[in-house]
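Open the model in your viewer and keep the selection tool at hand. This tour goes stop by stop.

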Amino acid sequence: MATLLARRTVQTCARRNRGLILNLTRQYTTERHSSLAAKVWVLTNGDPVDTFKTTSVAAGLQIPFETKHAVQAGSWVAETLGRPLRGLGSLLFKSSQPGALRYVRDAAATDLPRIAIAASREALPGLLEVRRMSRGKSMLVYLGVPQTRLSNIDVLVLSQLDRMRLRELGPGRANLDNAATTLLRFSGVLARTDTQEQKKEASSAEDAAASHQNTLAVCIGQGIESGGFRLLTRDIDVLAEGLMRIPSRPRMRVLLPRAMNKGVRRMVESRLIRRLQAPRSDTLGSCDSQHHFSPGVEVLDYSLSGQPSPVDVISSAFRVVATADNVQMMALAVSLGRPVYIAGEERTTGVLRSHYHALDSRNLVRRFYPVGSKYDYMLMADIDGAADELSVVRDHDPWAKYDAQRDLAEIVSFIRMRYKQINQ
C-alpha cells in the first residue's frame with residue numbers, strides 16, 4: 001500500500017512539473033526579449049580594424065548601437081582557481097557595483113542588449129558573458145571562427161578561408177546552419193555620403209588620397225598564418241629588395257600590427273625598415289654620391305597610441321603590399337578598392353594557397369614581384385602589354401572591384417532571418 005501511494009505521488013509531481021515546464025517554455029518563447037533593451041552592443045578590444053567592421057554590421061542593422069570595450073580574460077588556471085574565491089567574496093562582501101559585467105567595461109546586467117557583436121578573441125569572453133547574464137536571451141554575432149563551441153554563437157560570419165579551415169577539421173564543421181559566408185573576411189564598408197557634411201568629408205578624403213597619389217602602404221603581418229604561411233627572414237629580405245627596386249620610387253608607409261611576435265618585430269625593424277630608411281644610390285650598384293635616393297618611409301606601429309586609423313591609411317594609399325600572413329589587411333584593402341600585392345604568396349601552402357589562387361583568378365590580388373627582381377627579364381619577355389611594375393609575373397587582366405556593400409547586405413539579411421527563427 002505504501003509503495004502504491006509513493007508511486008502515485010511521484011506521478012502526480014511529474015505531471016505538475018511537466019505542466020510548469022511547458023508554461024515556462026511558452027512564456028520564454030513569447031517574451032524572450034521583453035526584458036532586453038532594443039539596441040546592439042559592439043564589443044571591441046580597441047583595434048580600429050575590428051571596430052570598423054563590427055560597427056559596419058551594427059549600422060547596417062539600423063538599430064541604435066553602443067560601443068563597449070571588452071576586458072581581456074586571464075589565463076585558464078587563474079580563471080579556474082579564481083572563480084570559487086570570487087563566489088565566496090560575493091557572499092561575504094557586497095559588491096561596489098552590483099550587477100556589473102566582468103568582461104565588459106562600464107556595463108550592467110540590468111541593461112543588456114538584444115544583439116551583441118564581436119570580432120576578436122579578446123572580446124569573446126565578454127560576448128559569452130552577455131549570453132550568460134541574459135540567460136540566453138541576447139543573440140550573439142561573431143565575425144570569424146571563435147575559440148569556443150560554434151553552437152554557442154547564434155550567427156557566425158565566415159570567409160571562404162574560414163570554411164576551408166573548418167572543412168579540414170571535419171566535413172560537418174563546415175556545414176553550419178548559423179553561418180553566413182563571404183568571399184573575403186568581412187572588413188567593413190565606408191559610410192555612404194548622403195548628407196552635405198558627409199559629402200564634404202568624402203571630398204576632403206578624396207583630396208587627401210590625391211595628395212598621396214604615389215603612396216605605397218606596406219602591411220606586415222603578425223608572423224604566422226595558420227592557413228599555411230610563416231614569415232621568415234628571407235621573406236623580409238626579398239620584400240626589402242623588391243621595395244627598393246620599384247622604378248616609381250613611391251613614398252612608403254609601413255604598418256606594423258598591434259599584436260606582433262617580438263622576434264618578428266625585431267627582424268622587420270632591422271632587415272626592412274632600416275634598409276628602407278638608409279640612403280642608397282639611384283642604381284643599386286652605383287656609389288655616386290650625387291644620385292643617392294631615399295624615399296620617405298613612415299612607420300606606423302599600432303602597438304603605440306596616437307596612430308592614424310588603418311582604414312584612413314589604406315584609403316589614402318595608391319597601392320598596397322601585404323605579406324601573405326596579413327589576411328585581414330589584405331581583405332580590408334580589397335574591400336576599399338585598392339590594388340593589392342601579396343608578398344610571399346609563392347611560399348604559401350594548404351588552404352591559404354588555394355585562397356590566394358582563387359582571389360588571383362578573380363583579379364582581386366596579384367603576386368608581389370616588381371621590376372628589377374632576380375628573373376624579371378625572363379618573365380617580361382612573355383608580357384605583351386604594359387607591365388605592372390609591382391607584378392611582372394605575367395600579363396594581367398584589369399583589376400576587378402569587390403562589392404563589400406553586397407556582403408554587408410547579405411550579412412544583415414542573415415542576422416535578421418536568424419533573429420526571427422530564434423524568436424518563433
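Which residue lies over the face of tryptophan 399? Select arginine 366: it lies over that ring face, at 4.0 Å from the ring centre. (A charge sits over a ring if NZ of Lys or CZ of Arg is within 6 Å of the ring centre and within 35 degrees of the ring normal.)

Before moving on, note that this is a predicted model: local features need pLDDT of at least 70, side-chain atom pairs count only at pLDDT 80 or more, and totals for chains, interfaces and linings use all residues. Residues are numbered from 1 along each chain as its sequence is written, and side-chain values use heavy atoms, with hydrogens and water left out.

**Stop 1: the aromatic pair**

(Rings of Phe, Tyr and Trp, the last by its six-membered ring, pair if their centres lie within 6.5 Å; planes under 30 degrees apart count as stacked, over 60 as edge-to-face and the rest as tilted.) Tyrosine 341 is in strand 15 and tryptophan 399 in the loop between helix 13 and helix 14, so the pair ties together parts 58 residues apart in sequence. (Helices are DSSP runs of H or I, at least four residues; strands are runs of E, at least two; both are numbered from the N terminus.) Tyrosine 341 counts as buried, at 1% relative accessibility. Tryptophan 399 is partly exposed, at 29%. (Buried means under 20% relative accessible area, exposed over 50%, partly exposed in between, with a 1.4 Å probe and protein chains only.)

**Stop 2: salt bridges**

The count comes to 20 salt bridges. (Each is a side-chain nitrogen of Lys or Arg within 4 Å of a carboxyl oxygen of Asp or Glu.) Select arginine 165 and glutamate 225, which meet at 1.6 Å, N to O. Arginine 165 lies in helix 5 and glutamate 225 in strand 8, so the pair ties together parts 60 residues apart in sequence. Both residues are buried.

Next, select glutamate 389 and arginine 319. Their side chains meet in a salt bridge of 2.7 Å, N to O. Glutamate 389 is buried, and so is arginine 319.

**Stop 3: helix 9**

Select residues 262-277, which make up helix 9. Look for a kink of about 35°, centred on glutamate 269. (The bend at a residue is the angle between axes fitted to the seven residues ending there and the seven starting there.) Buried residues here include Val264, Met267 and Leu272.

Key: The expected span of a helix is 1.5 Å times one less than its number of residues.
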